[in-house]
Amino acid sequence: MQIYYNTRDPRCKTPFGAVSSGTEVSLSIRASRELAVSEAILNISYEFDDEKQYIVMAWTGLADGFDGYTASLPTRNRLGPVWYSFTLKRFNQCDMHIGRDAHAPDGGSVFSRKAPPPFQLTVYEGGYDVPEWFGQGVTYHIFPDRFRRQGLPDPSGLVGDRVVHEDWGDTPDFRPDEKGEIRNRDFYGGSLAGVRGKLPYLRSLGVSTIYFSPIFEAASNHRYDTADYLSIDPMFGTEADFTALCREAENMGIRIILDGVFNHTGYNSRYFNGHGFYPDIGATQSQDSPYYPWYDFTAWPHQYASWWDIYTLPHVREDDPSYMDFILDAPDSVVRKWLRIGASGWRLDVADELPGEFIERLRAAAREEKQDAVIIGEVWEDATTKVAYDVRRRYLLGRELDGVMNYPLRNALLDYLLHKNAEAFATKMETLRENYPRQAFYSLMNIIGTHDTPRALTVLGVESKAFEWPREKRAGYKLPPAARDKAIKRLKLAALVQFAFPGSPCVYYGDECGMEGFEDPFNRRGYPWGDEDGSLIHWYARLGNFRLGSEALKKGDIHYLQAQGPLLVFARRHSRQQVLAVVNAGDEDAVLTVPWDGEGELAHDAMTGEEFQASMGHLSLSVAPLRGMLLVE
């Protein structure tokens, strides 16, 4: 190796990962004397300032045939992604350029005569603080209409042409109506009272946060077409029911996070009022309506901007002063009201569609109302490099989001379990850890399933071509016994990694009991009360309750000890506590040795109680196929 630079090696870069503005970042490279380097230059590009700098690096001496060069990267009064690379000037030869090797598993570099991709350094604001309670706890995601009902609700007189399934086990409607539209008007009647009745069950799983998909009045079963931001949907309950749920949950150590859908409203909302259901003068009734400025009409009243051109979801102008006042700033604004009466935070739907100023003011209003309110964004990619509508977003720089939904974890984890490539998983996760401020990395909502993705158990049990089957076949499909058994073993491994990882493990309702299903609406069936997989629930409960009592899993650093082929081993360490997560995603026994302090010290698997004895500071393990362990002292 003629040139050495590794972003994760403290000899090359300190401190590790993202830094607060003003932090001194030391960068050092080594180049073989054979390259005949005359000068090393650090190239810097500050994206948000549209500025470039070139710094001649100081020579630090010759050691083992390598010349060392070092420089400090200035970060004072800077924010956002900083892109940097190195150029080596050579005596009477072509320059060499050093940049990021996108395929390197360990943060390594690549060098060539043409400039390779630069390295990334995220610079965020000093004082970036997040509520620690969220990232340390376990989250449970409930799709309100499908978790549990108490009695059959009456939909008459409510907004929308609603139909209620009498049979809780029915397949959700998925066929288009006579107009070719899938209207999502079939309800099952899940309610706040139903959730309250299962709070002890959720607590038995170790749950400390409930995240609800939208609960406000709306015409559809998914309720992302908000009709009234200030009212609980009558089929789900009342404001008093919500307050009672929050109070009872708090007594059990459980907080509530709500879904904020602020990019669009429903066509049948009291604000747009497309069908005139509400007595209010909506934007389609009169241009004098107080709600008219909220919408972007191209030809009033029937042509308007909508989310992804879905006419039932008219887009709102988030920068309209009256809309911002209604949602954010007024003393009785939407964000403030629901925090005041019991919620502890918001998850922001389609955060990519919300202006940065809107998110920043939302977070400020939430913190003013409740000091430890948490704000999580729906972002599907790396949130530090996300570009939406040609704008680089500033989600995790200290003023907007506390954390995001960790779709990269979901994708990488399921891919690892299916294709047995632990190295790719570790590489992707370490890239996130480098790019994210530590506060944000430890506040991620770590998902393996949501209402927008196929059920994890189905993904882990079917062949990829199954997703191309006709919807009629996918609607009624269930995994054969052998495939389901293997998928459950894989799901247990996914959950083990999820619960052992920094950030909040988020369980999509029913994943813990073995629910199956392809895409929406097949991933949104009613929770199968009385027909659960008890062994799977037991596994999730052990994970959740172990995490509750483990400072290492709630706060600890993460170190990868092995990530190759089907074997993934990482340690979580905090103070003197250590937990090792060991996973064999392969089809054969694996024998491995992992470090363990102390001669004769015992380690036991927190999942099974099996004990292992250390020798010479190591544990020798034989790990069965599709088995995972959490090793503790």
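Guide: Of the 633 residues in the protein chain, 57% are buried. The model is a predicted one, and its secondary structure comes to 15 helices and 36 strands. The radius of gyration is 26 Å, close to the 26 Å given by the globule rule for 633 residues, so the chain is as compact as a globular protein of that length. Along the principal axes, the C-alpha trace spans about 85 × 60 × 45 Å. Among contacts with a separation of 6 or more, 69% are between residues 24 or more positions apart. The accessible surface comes to about 25500 Å², and 49% of that area belongs to carbon and sulfur atoms.

The part to examine is helix H4, which covers residues 239–251. At 1.5 Å a residue, its 13 residues should span 18 Å, and the C-alpha atoms at its ends are 19 Å apart, which agrees. Five names make up the buried set of H4: Phe242, Ala244, Leu245, Cys246 and Ala249. These buried residues pack against both helices and strands. The helices are H2 (192–197), H3 (199–204) and H6 (334–340); the strands are E16 (209–212), E18 (226–232) and E19 (255–260). After H4 comes Gly253, with a positive phi near 80 degrees.

Apart from neighbours within four places in sequence, Tyr201 is in contact with Tyr140, Glu512, Tyr527, Trp529 and Ile537. With Tyr527 there is also a polar contact of 2.8 Å between the two side chains. Tyr201 and Ala541 are 340 residues apart in sequence, yet their C-alpha atoms are 9.7 Å apart in space.

Cysteine deserves a separate word, as Cys246 is among the buried residues of H4. A disulfide is a covalent bond between the sulfur atoms of two cysteines. The structure holds zero disulfides. Elsewhere in the chain, Cys12 has a relative accessibility of 4% and so counts as buried. Cys94, at 43%, falls between the limits of 20% and 50% and is therefore partly exposed.

Technical notes
Residues are numbered from 1 along each chain as its sequence is written. This is a predicted model: local features need pLDDT of at least 70, side-chain atom pairs count only at pLDDT 80 or more; totals for chains, interfaces and linings use all residues. Side-chain values use heavy atoms; hydrogens and water are left out. Helices (H or I, at least four residues) and strands (E, at least two) are DSSP runs, numbered from the N terminus. The expected span of a helix is 1.5 Å times one less than its number of residues. Buried means under 20% relative accessible area, exposed over 50%, partly exposed in between (1.4 Å probe, protein chains only). Contact means heavy atoms within 4.5 Å. A polar contact is a pair of N or O atoms within 3.5 Å; within protein, one must be able to donate a hydrogen and the other to accept it, and residues adjacent in sequence count only if both atoms are side-chain atoms. The radius of gyration is taken over C-alpha atoms; the globule rule is 2.2 Å times the number of residues to the power 0.38. Accessible areas come from the Shrake-Rupley method with a 1.4 Å probe; for residues, only the protein chains shown count as cover. A disulfide is a pair of cysteine sulfur atoms within 2.5 Å.
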